[in-house]
Amino acid sequence: MKVAVIGGGITGLTAARRLLQRSRTDGMACDIVLYEKENRLGGKIRTYREQGLVVEGGPDSMLARKPAGVQLLRDLGMEADIVYMNPGASQTFIVRNGRLHPMPQGTFVGIPADVPTFLASSLLSSQGKLRALADVWLPASHMEEDVSLGAFLRSRLGDEWVDYLGEPLLAGIYAGQIDHLSLFATWRQLYDLAVQSRSLIIGAIANRKRQQTHHSGPSGRSAFVTVRTGLESVIERLRDDIAQGVSIRTGTEISAMRRTADGYELQAVDENGAMQTDRFDGVVITTPVAAAKNLLHQLGVVGDGFVVPYASTATVILAYRKRDVSVDLSHASGFLVPRSEGMAMTASTWMSSKWPHTAPADMVVLRCYVGRAGQQEHLRLDDEAMVKQVSHEVGHIVGIQAEPTWHKVTRWSHAMPNYLVGHGERLQALRAAIQSQAPSLAVAGAGYEGLGLPDCILQGQQAADDVFTALSRR
């Protein structure tokens, strides 16, 4: 059999690796070709190793509780390279009126689980705190259809909690607008929590008690992990791991695809404009949704109702000499910026505090984020203007008055998928259409069922399994 994998990000690479594994364990020869239109593999994973720094332009970590990510590192022989987030940098701040306010302690994604501590917080007004606590007395939420994450949380905890805690924490992951994002496709567990416990706060308190009774483990390790040599080293290890069994064609884009009597014909165009046509029994598509839909449309797969808007973002890395920084950042991981603050920044991670291995001891490194759905105007700044604006905001908020000695801007155009209300139903319809109209083809990636690295890894593996299984049944 012959299978094409379209897209060389972590989803596509793990799909190719799983196909290779299946061909060896199942004793079925499989010719695998991976196409990537860029001249590099890794997609949104990009590590900068400069000035003694190991810093990320894209994602900087993965959730340890989602096993697909850590398991892949182990399978690649990288377990010794795993680094857990510094537990001493546990404090997160939220900006309000240009000032840093500690995020209330004892919360579950911002939901109060320690009421006295929540009431003592300076972030929300007295009225906002009382409105949030009213969730305890509200009747249970029961809904048969998807609603926006914002609508659900506003009904339970109030507008002020949503604007200053809910949206920065929960919608910020998607660079999205909380009143547009799907509840079921993003934070379904919050709805389940409210149904099971009648109240989000009661559920959060119960969760906290369970955690205190059944500690997660003796290590006390953080929920987030990364790799000492940078996440791009995972891509490099994946590339080397599959190199003997997968033909990797970078700088090559699939421009056309059509059905044949027993599979698919793909037309590829390389960076020099040369075209090549090849035939495959199966295909795994791991591109962003718009590109995938274009290929599916050429196959006659009806998926017009499946729409996933993507927000553009940028990361701005600022490095300072530690002796020039008069504020102590060692106790915190960074801060979040609510929309109402009107800043260029949407958040900042204090990399040298959160991940001490990423910088020399005499440097302080911050990674700042610009751009989210509905707030894209600052992305029009050129790199120097963006660095100037962001460093000015860092000076005002954090108190760092020095000029950065090094900076790096990474722009991600249409990079962050936003799952809108009804996303799950539309995805189910798309998958049904693919199954009936394009057998031995699968789609996977951040635009479908989770944009975290473990989610993408798991989707790539599952897509490969689906295609391999379909072909083995022929």
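The structure is a predicted model, in which local features need pLDDT of at least 70 and side-chain atom pairs count only at pLDDT 80 or more, while totals for chains, interfaces and linings use all residues. Residues are numbered from 1 along each chain as its sequence is written, and side-chain values use heavy atoms, with hydrogens and water left out.

**Helix 1**

Begin by selecting residues 10–25, which form helix 1. Helices (H or I, at least four residues) and strands (E, at least two) are DSSP runs, numbered from the N terminus. Helix 1 has 16 residues and reaches 22 Å from its first C-alpha to its last, close to the 22 Å expected at 1.5 Å a residue; the expected span is 1.5 Å times one less than the number of residues. Because 12 of the 16 residues are buried, helix 1 is largely enclosed by the rest of the structure. Buried means under 20% relative accessible area, exposed over 50%, and partly exposed in between, for a 1.4 Å probe and protein chains only. Among the buried residues are Ile10, Leu13, Arg17 and Leu20. Gly27, with a positive phi near 70°, follows the helix.

**Strand 18 and its partners**

Next, select residues 332–336, which make up strand 18; five of its five residues are buried. Two strands pair if DSSP finds at least two bridges between them. Strand 7 (residues 91–96) pairs with strand 18 in the parallel sense over four bridges, and Gln91 stands opposite Ala332. Strand 19 (residues 345–349) runs antiparallel to strand 18 and is joined to it by three bridges. In that pairing, Gly334 stands opposite Thr349.

Strand 13 and strand 14 (residues 264–270) pair over seven bridges, with Glu253 opposite Val269.

**Val109 in its loop**

Select Val109, in the loop between strand 9 (107–108) and strand 10 (111–112). Its relative accessibility of 22% makes it partly exposed. Leaving aside neighbours within four places in sequence, Val109 is in contact (heavy atoms within 4.5 Å) with Trp161, Leu169, Leu170, Trp187 and Leu190.

**Aromatic rings**

Turn to the aromatic residues: a search of the whole structure finds seven aromatic pairs. Rings of Phe, Tyr and Trp (its six-membered ring) pair if their centres lie within 6.5 Å; planes under 30 degrees apart count as stacked, over 60 as edge-to-face and the rest as tilted. Phe184 and Tyr191 form a tilted pair, because their centres are 5.4 Å apart and their planes stand at 55°. Phe184 is partly exposed, at 22%, whereas Tyr191 is buried, at 7%. Phe306 and Tyr448 form a stacked pair, 5.7 Å centre to centre with 5° between the planes. Phe306 lies in the loop between helix 11 (289–298) and strand 17 (310–321) and Tyr448 in helix 15 (residues 446–449), so the pair ties together parts 142 residues apart in sequence. Both Phe306 and Tyr448 are buried. Phe93, Phe335 and Trp350 form one aromatic cluster.

**Cysteines**

Finally, select Cys30, which is buried at 12% relative accessible area, and Cys368, which is buried at 0%. The count of disulfides is zero, a disulfide being a pair of cysteine sulfur atoms within 2.5 Å.
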